[in-house]
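Biologist: Could you take me through this structure, setting each value beside the definition that gives it its name?

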2 protein chains.
Amino acid sequence: MNNTHALAEFLAGLRYDDLPPRVVSYTEELFLDWLGSALASQGSHPIPLFERYAARMGPGDGNCQVLVNGTRSSAYFAALVNAASSHLVEQDDLHNSSVFHPATVVFPAALAAAQDLGKSGRELILAAVAGYEAGIRIGEFLGRSHYRIFHTTATVGTLAAAVAVGKLLDFDTARFVNCLGSAGTQAAGLWEFLRDAADSKQLHTAKAAADGLLAAYLTADGLSGAQNILEGEQGLAAGMSRDANPACLVDGLGSRWALTETSFKFHASCRHTHPAADALLALMQREGLNHEQLAKITTRVHQGAIDVLGRVVVPQTVHQGKFSMGTVLGLIAVYGKAGLVEFEQHALSDPRVAAVREKTSMVLDAEVDGAYPQRWLGRVEVLTVGGRRFHGAIDEPKGDPGNGLSRAELEDKFQRLLAFSGARDAEQGGELIAKVWALHANDDVRELI
Amino acid sequence: MNNTHALAEFLAGLRYDDLPPRVVSYTEELFLDWLGSALASQGSHPIPLFERYAARMGPGDGNCQVLVNGTRSSAYFAALVNAASSHLVEQDDLHNSSVFHPATVVFPAALAAAQDLGKSGRELILAAVAGYEAGIRIGEFLGRSHYRIFHTTATVGTLAAAVAVGKLLDFDTARFVNCLGSAGTQAAGLWEFLRDAADSKQLHTAKAAADGLLAAYLTADGLSGAQNILEGEQGLAAGMSRDANPACLVDGLGSRWALTETSFKFHASCRHTHPAADALLALMQREGLNHEQLAKITTRVHQGAIDVLGRVVVPQTVHQGKFSMGTVLGLIAVYGKAGLVEFEQHALSDPRVAAVREKTSMVLDAEVDGAYPQRWLGRVEVLTVGGRRFHGAIDEPKGDPGNGLSRAELEDKFQRLLAFSGARDAEQGGELIAKVWALHANDDVRELI
């Protein structure tokens, strides 16, 4: 029995009653955070392109909600548009050791299929847990060499989405193996777009969720897939990884709940900037510094941060600014935070932010790199205008499970996300919050949102 | 200016009037051959699964024809189902040096978009030429290391389909670059499924055509993509090839018409079996041997044949039999041909075929491997029951441009493909043939088929 088969057996056997209460409540929190991320992108490029594509290619009606515009479509197109939406403002969750954003691919596929099939909140929660547990382990399996070239949320996301939908379709072990085969052979997504600030990040998540859903529906109807897609000689790891670790695929199945290791994003930027942002903020507060006193900022980072952020020198778009370490630290230094509003209003236009950006550099740090991706350490060195030198360090960025967001903080973030796009007012936001906190008691998710 | 930009500039500038008459007529021949391949799969697993998926997720009507069932849908789903259909019976075309089956991905996307947009036969031909010329060069660029793990028709097919649709959408250079970026970052498809005779081959072509079409439509609406998806540090070659040759991307643009190098399939099996099949047939005819006289058959092949065919020992399905060298040679030895009917009726059940299969082996041959993929040489060694030894050799398998099929032979193949599934009778087949031979004069392809 290979590891894929063992993982499939676990997924097939997973029951709602097996989930610890903390897993259920954490899933609701991840769902709320995802919903806010999706609604925050309403009206922002390139989301309307995906909406128009769905309207042109899909049916005029259906069981499944397109969140940003309130229309209904088939499950395929609801998954497509909702997954594009929820990754745009860079506020969706991240699992550290897999370097994988599960929510933006798992929830769009799971919600679309659950609405299509008329499932309950409990079934949706169980499906999401299955998607997270499988996706995180597959991301860990593919390792750091994969992430250097491939956007793990896109590639692994296809498999995670397929697993979530497969759980809603009540797959047995054999079906899960086939489904992983059909999903894995569709896995795609290259980082090359980052250099040009192109729109591919949304395309990646859209396609991962929709392709995963397609794999699961076709599997349910009888499509077979490779039986060893992950570890086979011509499989995913053979083609797209040089440091794959098969043991990761079955690590702690049934005892380790990887979903609860997922971090909530506090800053509205690429997660690779968060450790340094928190370390700089703590240092400036501790030493009573303001942005004018900063002469030089050196962030000591892991290689992955250089790979993803190293492309951006002077950001040309707000979205690209979220991948600029200097811009993020500039917002932190000038405004004390790097939220959606700071990005939208100040990231490109405030000369004080640009000044900090120009004083910022990244260097590879052996300790930080060695801890990554299990731990995302923040290390900064500051030289002041007056010639003083300070070191800042944090070991758990805000939003990590050990330094998490309370439900009150998550509600506040959710309302800020809704206000950013104007998708809902505070009262409507409050109603959505109440529904999500009661998701475990919901009988039919078709009218959830 | 990188090679991708140069390729895009060529594609944007290509005009119907630039096409030599031989390119136009050859495109019509490739189109007929593709249409027959698609119709031949009517009713065969797993095509109905794709039909049902399209009906479930797509609109109930549309501008675009689903060939195997005569329904209409949106361009996305017509491309999806038609591309699944046309690769099933293993009778669609192949370009040798790129190891890429262009028709099964280019024509479904191009026909669907042309019907959606109400284009003429000339515009469809021009779009197909653009897709072939780009796809073949990208396949050559990615090289043999890519094909070892990745199904080139799936990965490169996404780009080729996108280019064909982009031509129908009248893209300029910048749009073609963006479109290649959005298509290339979706490129996927692993050979792992072959070991299990799984249904992924149809999934691959279906998704390549549909994903390429999606990339082009979103590009037309304003989606940006990576500007150097093929050669960039985190692009397609970086992630999925070890021997990429950038010069291939622009090889002979405007003077070399790679489309006319495409081979028609004569036998109904994987193209990697054809050189040996032709060599054995010629040897047996030359020496007057029958199958009972064969004691041992050794085929001397290129490494790609071993990679693709080496998995299958005893085929479990007809489709898997098409990837079994011994089965193909068994049909050749016993029946003198390996067509659709021979596969369907005899490949798995005739003990004489099985006997030849058990006497057949493949060995790597330096000369054959060195010539590949530019030339597909056939070399076989036969030991007879009486102890005699013979060598057979052919340098151009039947169907190669230098050993091609006449229009009469193509018509005969087309009629046999239609008769195989019963999709059309001979009279209807004749009408379709007449329409395709007049494609260059067609004013509106919406009612073509």
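Modeller: The buried residues of H11(B) include B:His274, B:Pro275, B:Leu280, B:Leu281 and B:Met284, where buried means under 20% relative accessible area and exposed over 50%, with partly exposed in between (1.4 Å probe, protein chains only). This is a predicted model, in which local features need pLDDT of at least 70, side-chain atom pairs count only at pLDDT 80 or more, and totals for chains, interfaces and linings use all residues. Residues are numbered from 1 along each chain as its sequence is written, chains are lettered from A in the order in which they are written, and side-chain values use heavy atoms, with hydrogens and water left out.

Biologist: Why does B:Asp365 count as buried?

Modeller: Because its relative accessibility is 10%, B:Asp365 counts as buried.

Biologist: Which residues is B:Asp365 in contact with, leaving aside its neighbours within four places in sequence?

Modeller: Contact means heavy atoms within 4.5 Å, and on that basis B:Asp365 touches B:Arg300 and B:Val301. B:Val301 lies 64 residues from B:Asp365 in sequence, yet their C-alpha atoms are 5.4 Å apart in space.

Biologist: Where in chain B is B:Asp365 found?

Modeller: B:Asp365 sits in the loop between strand E6 (360-364) and helix H17 (366-371).

Notes. Helices (H or I, at least four residues) and strands (E, at least two) are DSSP runs, numbered from the N terminus.
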